[in-house]
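Here is a quick tour for anyone meeting this protein for the first time. Have a look at the sequence and the model, then read on.

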Amino acid sequence: MDLRVRLWKSGYLVALGFAMLCASGATGANNNGDLRELRDGLARFALDSGDPAGALRYTRKSSGEAGLLVRAKALMATGNGGKARPILEQLLEGQYYRGQAALLLADLAAGKDDALARQRLETAARLAHGEARQQALYRLAELQREAGNADRAGQVLALMEPGYWAALGYMNIAADYGKRDLNPSRALVALRVALAMSGEDSDGHRSQELRSRLLVRAGHLAYEHEDYEKAIGFLEKVPLESYSTPQGLYLHGLALSASGNQRAAMQSWHRARKYPLAYPGVANAWLGTGRGYDLAGYLGQAGEAYLAANASYESERVTLRKLTDQIRDKGAFQALVLDARNSEAQWFLADSRTLTQPRTAYLLRFMEQPHAQAAVNRVAELREIGQTLDQHEGSLTVFRGAIRERLGPGATVNLPSEGFDDSIEALANRVANLNAHATSTVQREALKSAARTLSDVKTSIARLDDRLAKKDRELNNLLDQTDSALERVGSIRHRAGALLEQAEAALNEMALVFVEEQDRRLAFALDRTEQQIAHLYEYLALRNIERGQP
């Protein structure tokens with residue numbers, strides 16, 4: 001009876017599935033379109049969240065332009081630019097993403113074929129819209145600027161919409177003007193234009209950070225050309241919670257001091273001293289405080305300020321030596337990146353205290369170098385790959401154990417088929433006898449149906465051994481595939497581990513060089529404070545001698 005119930009359920013499910021298939025036939029095309037959009041959306045999310053491998057999985061069967069664009073970006077993110085190129089060339093001849101495809105093709109050609117890269121950028125500037133067009137125009141302007149044609153670069157930037165990329169272009173032009181021109185007018189005009197452009201950026205955090213850098217550059221330029229009032233005006237607008245804040249406060253103090261306002265200058269330097277010494281301008285702010293007291297005539301306070309600066313530099317050098325030891329013991333990624341992330345700041349103080357954490361300060365200073373960013377990113381990606389491979393290996397091990405359990409002793413029950421055959425034969429004989437004595441058509445039909453059922457059961461039992469053997473073969477095949485996958489995962493993990501060791505060694509060496517440079521910078525600042533202390537004591541000694549003369 002249990003076998004008949006299972007057969008009835010199987011037949012019902014087959015019929016239901018067939019009915020649903022027929023019912024969904026009319027809307028199949030719409031469902032396929034929705035499924036394609038869902039996969040493209042998941043692929044974009046995976047790519048934007050730093051999982052290009054996931055994006056490649058979702059776009060394996062993509063044929064639409066949106067999916068192909070995501071796949072090309074994912075291939076480039078995983079270092080497969082050669083496979084991305086034919087996809088991008090196909091999109092370049094398409095309908096919707098020609099500009100973005102041209103911009104990505106320019107990335108592939110950069111450094112290999114400059115003429116082709118420029119051609120692709122010009123195509124992107126002509127066909128693209130929004131952010132892609134702005135990037136293309138910015139890079140065309142940079143090509144002109146790097147070739148020494150700042151005026152032509154300005155003409156290209158004039159074609160851009162206000163925003164981040166235009167502001168960045170004008171900031172770079174201002175840097176060129178500042179190096180070449182004796183008069184700072186053109187550079188300051190370019191910086192003012194950049195400030196106006198940065199205000200139109202849709203990304204508020206990025207806009208604020210760029211605005212801070214622009215204000216510091218403008219203030220520094222004005223100070224160097226002795227326009228102190230203008231420098232103070234720029235530097236007063238620097239936000240107090242940005243990476244450029246300490247340097248802005250130091251320059252603000254310099255401008256105030258040069259204009260004769262020593263008290264206000266020392267206030268700015270005192271605020272800058274609250275930041276870690278890793279930031280630009282902080283070490284000089286400690287020196288500036290002593291210098292400000294000296295110029296104001298408070299020689300005793302000046303000596304105390306110099307001594308405080310001296311002690312601060314010595315303490316920071318001890319911190320750097322500890323950081324060096326931690327890099328050698330734990331590695332630069334743990335000592336600089338992870339330890340800086342695992343700050344002890346409470347969640348409600350995280351935003352205001354992030355910039356005042358010494359470890360975070362050194363990390364930000366270290367990450368100013370493009371090659372340092374690449375090294376840290378390489379180690380992070382390889383560590384993530386290792387974790388992913390560990391997860392895959394764990395899943396495959398569990399799956400392999402489940403297969404072995406199914407194949408183990410006791411998993412397959414050996415049924416006595418001969419006994420079943422005898423029972424079914426006896427039942428068939430009884431049904432035949434009953435059929436011979438049936439008195440109505442209904443009884444005969446019921447007995448015929450029972451006879452057919454018994455015949456089907458007998459046939460099914462006869463095939464049971466073959467089905468069980470087939471099941472074992474399939475499980476063994478799955479076991480072989482799982483073993484092969486485990487072997488491949490182990491091989492890839494070994495290669496990834498070797499690459500991770502190389503990447504960590506390169507990062508460690510880079511970080512140790514950086515820490516050594518920071519130590520030399522503080523040693524130089526320490527020498528300056530000692531010189532200032534010596535000069536101050538010498539001056540006080542000479543003054544005392546003069547006072548002692550008749």
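This is a predicted model: local features need pLDDT of at least 70, side-chain atom pairs count only at pLDDT 80 or more; totals for chains, interfaces and linings use all residues.

## A buried alanine

One term first: a residue is called buried when its relative accessible area is under 20%, exposed when that is over 50%, and partly exposed in between, using a 1.4 Å probe and protein chains only. Ala340 has a relative accessible area of 10%, so it counts as buried. You'll find Ala340 in helix α18, residues 332-341. (Helices here are DSSP runs of H or I with at least four residues, strands are runs of E with at least two, and both are numbered from the N terminus.)

Which residues does Ala340 touch, leaving aside its neighbours within four places in sequence? They are Arg359, Thr360 and Leu363, where a contact means heavy atoms within 4.5 Å. Arg359 sits 19 residues from Ala340 in sequence, and their C-alpha atoms are 5.3 Å apart in space.

Residues are numbered from 1 along each chain as its sequence is written, and side-chain values use heavy atoms, with hydrogens and water left out.

pLDDT is the predictor's confidence in each residue, from 0 to 100. The protein averages 84, and 84% of the residues score at least 70.

## A nonpolar patch

On the surface, Leu35, Leu38, Leu42 and Tyr58 make up a nonpolar patch with about 340 Å² of accessible area together. Accessible areas come from the Shrake-Rupley method with a 1.4 Å probe, and for residues only the protein chains shown count as cover. Helix α2 (residues 28-48) supplies the largest share of the patch, 3 residues. Tyr58 belongs to helix α3, residues 52-58, and with 34% relative accessibility it counts as partly exposed.

## The whole protein

How many helices and strands are there? The protein has 24 helices and 0 strands. Of its 550 residues, 37% count as buried. Its accessible surface is about 32700 Å², with 52% belonging to carbon and sulfur atoms.

Technical notes
Patches are made of residues with over 30% relative accessible area and no salt bridge: like charges are joined within 9 Å, nonpolar side chains (Val, Leu, Ile, Met, Phe, Trp, Tyr) within 5 Å. A salt bridge is a side-chain nitrogen of Lys or Arg within 4 Å of a carboxyl oxygen of Asp or Glu.
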